[in-house]
Amino acid sequence: MENALKAGTVPARDRRVVVSTEALPETAAQRIAQIIEQAVAHHGWATVALAGGSTPRVVYRRLAQDRRLPWQKIEIFFGDERAVPPGDPQSNYRMVRESLLDAVSVPPDHVHRIPAERPDREAVAREYAAQLPDQLDLIILGIGEDGHTASLFPGAPALRERTRKVVAVEGLKAPHQRLTVTPSVITAAANKIVLASGSDKAKAVARALEGPDSPDECPARLARDGIWILDHAAASALPEKPV
Ligand code: 6PG
């Protein structure tokens, strides 16, 4: 089914949203809600993959306050997960549960946790890939200082995966053992939102959006055609006039 939410319909000027640090959670929550509402209006439900990290966490906390969203019609997935139990402080699932799921009424069977704590991560990767839709309505991503996104780190073999949708990886950021979606899941998503805050992300943001780097060198480039919601510090290395 042609998804009317194709990221290409968003004009370039609207794909780089630069706001104050304080306004970033509200701005991002509004754009996420808008995409979810469009997806539900278009095909009755919305499939959303969430990222880990401190920048997404503050956005989830603001999104959790949106009582108008049809939370019963949202399917939650994860772009990556660390190989730790779901109650571990380093678990992306725990962070999403505490900042969002505990406050909204997403049906439990609509929350697709990655059981990355299981010893056989290859089996988990296969099982999780089978749960993913052919095309996510929205994938929310963070970006690391090294340009990583999800748990796709620069130079990782996973960046050259062309068949599987989910793979087990050894990430550069602790905890090192992880599972992550592969590039095709990101590029196929109907909508991508990348969240970045702080001057420590400025170089990576500029490399992802403007630089000559390949996704192998700067994995966040995979979401280059997405909506980037940045605070002024994270956008500070971009040219004055975004293209
Ligand atoms: C993870 C995330 C990762 C994160 C970025 C940004 O599991 O670590 O999925 O991709 O989104 O590292 O994290 P911060 O916003 O905390 O810098």
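Reader: Which backbone oxygen does the side chain of Arg16 reach?

Author: This is a predicted model, in which local features need pLDDT of at least 70, side-chain atom pairs count only at pLDDT 80 or more, and totals for chains, interfaces and linings use all residues. Residues are numbered from 1 along each chain as its sequence is written, and side-chain values use heavy atoms, with hydrogens and water left out. At 3.5 Å, the side chain of Arg16 reaches the backbone oxygen of Leu209.

Reader: With which side chain does the side chain of Arg16 make a polar contact?

Author: A polar contact is a pair of N or O atoms within 3.5 Å; within protein, one must be able to donate a hydrogen and the other to accept it, and residues adjacent in sequence count only if both atoms are side-chain atoms. At 2.6 Å, the partner of Arg16 is the side chain of Glu210.

Reader: Is Arg16 buried or exposed?

Author: Buried means under 20% relative accessible area and exposed over 50%, with partly exposed in between (1.4 Å probe, protein chains only). Because its relative accessibility is 12%, Arg16 counts as buried.

Reader: How far apart in space are Arg16 and Ala235?

Author: In sequence, Arg16 and Ala235 are 219 residues apart. In space, C-alpha to C-alpha, the separation of Arg16 and Ala235 is 9.1 Å.

Reader: Which residues is Trp228 in contact with, leaving aside its neighbours within four places in sequence?

Author: Contact means heavy atoms within 4.5 Å. With those neighbours left aside, Trp228 is in contact with Arg15, Arg16, Val17, Ile143, Val194, Val205, Ala208, Leu209, Ala220 and Ala223.
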